[in-house]
Amino acid sequence: MGKFPIADKAIFKVRICKRCKARNSLRALRCRKCDYPNLRPKKARKKETK
Ligand SMILES: [Zn+2]
């Protein structure tokens with residue numbers, strides 16, 4: 001948990017495409033950008049590349 005609980009909560013609703021790093025909704029089965037099916041949940045880390 002970080003300083004901002006709301007922000008932390010929001011970050012867990014995101015999944016990152018392993019191929020193009022696009023952010024997708026947690027329920028997304030495929031990347032909305034490149035249609036890649038392999039998404040990973042975003043981790044609440046400070047070390048995040050944008
Ligand atoms: Zn993608």
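This is a predicted model: local features need pLDDT of at least 70, side-chain atom pairs count only at pLDDT 80 or more; totals for chains, interfaces and linings use all residues.
Arg15 itself lies in strand S1. One of the residues in that list, Leu26, stands 11 residues from Arg15 in sequence, and the C-alpha atoms of Arg15 and Leu26 are 5.5 Å apart in space. Is Arg15 buried or exposed? Arg15 is buried, because 20 other C-beta atoms lie within 10 Å of its own, and a residue counts as buried when there are 20 or more of them.

The chain is made up of 50 residues, of which 8% count as buried.

From strand S1 (14-17) we can move on to the loop between it and strand S2 (23-25), which is the place of Lys21. The phi angle of Lys21 is near 65 degrees, which is a positive value in a residue other than glycine. Lys21 is exposed, because 12 other C-beta atoms lie within 10 Å, and a residue with 12 or fewer is counted as exposed.

Ala22 also has its place in the loop between S1 and S2. Which residues does Ala22 touch, not counting those up to four places away in sequence? They are Cys17, Cys31, Arg32 and Lys33. For one of these, Lys33, the separation can be given as well: Ala22 and Lys33 are 11 residues apart along the chain, and their C-alpha atoms are separated by 6.8 Å. Ala22 has 15 other C-beta atoms within 10 Å and is therefore partly exposed, since this class holds the residues in between the limits for buried and exposed.

Further along, the loop between S2 and strand S3 (39-41) holds Asp35. Although Asp35 is not a glycine, its phi is positive, at about 70 degrees. Why is Asp35 counted as exposed? Asp35 is exposed because 10 other C-beta atoms lie within 10 Å, and the limit for this class is 12 or fewer.

Notes:
Residues are numbered from 1 along each chain as its sequence is written. Helices (H or I, at least four residues) and strands (E, at least two) are DSSP runs, numbered from the N terminus. Two residues are in contact if their C-beta atoms, placed from the backbone, lie within 7 Å.
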